[in-house]
Amino acid sequence: MKCSINKIGKEDRSQSVKLDPKSLDAEAEADLGEAEGVEVEEVMAVIEKSLVAAAAEEAVEGVAAAADEEIAATDTKSQLDYLSHCLERRGLLFLGAVSPDTFQDYQKYQHWISAGNHGELRYLEKNPDCRKSAKGALASAQSVIVFAFPHAPDESYPLAENEKSRVAAYARMPDYHEVLKDLAEQAVKDWQKKFGKGYDWRVTVDTVPILERAFAKKTGLGFIGKNTCFIHESQGSFLLLGEILTSAFFPITESESKIDCGNCSLCQVECPTGALQKDYQTDSRKCLSYWTIEQKGPIPEEFWPGVGKYWFGEIS
């Protein structure tokens with residue numbers, strides 16, 4: 001309201017003044033009627049009445065909004081619990097719901113790239129937007145649901161002297177990219193049957209260039225170890241990771257694991273080619289997975305002894 005009513009002193013309020021109704025807000029003008037001039041005291045009474053009514057309305061709206069937020073939080077929690085149930089019913093391990101951002105981990109990743117640790121795998125230099133945030137893969141993403149599939153082989157390590165060569169444990173099953181993605185998509189459909197289809201969804205199982213281990217770490221159920229794998233507190237590192245990117249906003253369950261590798265260096269000692277010499281870094285140029293899976297050229301002779309035991313990848 002633009003009138004200078006507050007500038008009138010007490011001694012002046014008994015006098016009649018002319019006010020332009022157009023200078024008053026709509027509610028006050030309606031209450032004042034079409035009179036060309038009104039007493040200041042009457043104006044003050046109308047304004048006070050209007051302010052009291054507005055304050056009461058605002059208070060009611062505030063209470064309603066708080067109640068709506070509480071109900072929404074309860075609803076989204078139950079919805080997340082149901083999605084977790086749908087995933088685990090399909091044989092997948094639910095890890096948590098986290099935010100889309102992975103920028104801090106991207107900075108570490110970029111340092112790893114700059115050091116040349118990715119060898120000739122130039123595709124790892126691409127898609128920075130996806131690696132910084134899941135929004136690069138789904139622009140509307142508000143939540144990332146992280147899940148995993150345990151696949152620890154029933155065998156000992158290292159290989160016995162008389163044991164034949166092995167292939168990576170994940171490669172002894174049907175293509176996990178397709179199988180796990182299909183299972184997670186079925187879980188999403190189960191959820192949609194109960195809560196509707198009003199959101200965007202994208203399921204990825206090592207099929208989109210996002211930082212999967214960073215998302216898994218954010219759940220607080222494990223950490224990234226010196227072997228550069230996500231190590232679950234109870235399941236270990238034999239996990240295949242997957243994510244559900246969605247525009248639905250679920251309660252974020254981020255935390256930090258209270259355990260880490262500590263002084264353990266077993267993976268570094270046992271790595272047959274020295275690819276893990278630096279803590280928490282893999283030198284792909286020395287890794288058997290790099291030479292037996294990713295790199296299409298000849299394998300350097302210095303790695304032949306290791307390849308003799310691991311024909312395709314490593315044990316993990």
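Leaving aside its neighbours within four places in sequence, which residues is Ser257 in contact with? The answer is Gly220, Gly222, Phe223 and Glu233. Please keep in mind that this is a predicted model.

**Around Ser257**

- Ser257 sits in the loop that runs between β9 and α7 (266-270).
- With a relative accessible area of 13%, Ser257 counts as buried, because the cut-off for that term is under 20%.
- Glu233 is one of the contacts of Ser257, and the two side chains make a polar contact at 2.7 Å.
- The side chain of Ser257 also reaches the backbone nitrogen of Ile259, at 3.3 Å.

**The largest nonpolar core**

- The largest nonpolar core has 22 residues, and those touching the most other members are Leu87, Ile145, Phe147, Trp201, Ile244 and Phe250.
- At least two residues of this core come from each of α2 (40-89), β3 (93-98), β4 (143-150), α5 (176-195), β6 (201-204) and β9 (239-246).
- The element that gives the most to this core is α5, with 6 residues.
- Trp201, setting aside its neighbours within four places in sequence, is in contact with Leu83, Val188, Trp191, Gln192, Ile244, Leu245, Thr246 and Phe250.

**A second core**

- A separate core of 18 residues is also there for you to look at, with Ala134, Ile210, Phe215 and Phe230 among its members.
- As general background, nonpolar side chains tend to be buried together in soluble globular proteins.

Definitions and conventions
Residues numbered from 1 in each chain as written. Predicted model: local features only at pLDDT ≥ 70, side-chain atom pairs only at ≥ 80, totals over all residues. Heavy atoms only, no water. Core = buried A, V, L, I, M, F, W, Y, C linked by side-chain atoms within 4.5 Å. Buried < 20%, exposed > 50% of the residue type's maximum accessible area, 1.4 Å probe, protein only. Helix = DSSP H or I, 4+ residues; strand = E, 2+ residues; numbered from the N terminus. Contact = heavy atoms within 4.5 Å. Polar contact = N/O pair within 3.5 Å; in protein donor to acceptor, adjacent residues only side chain to side chain.
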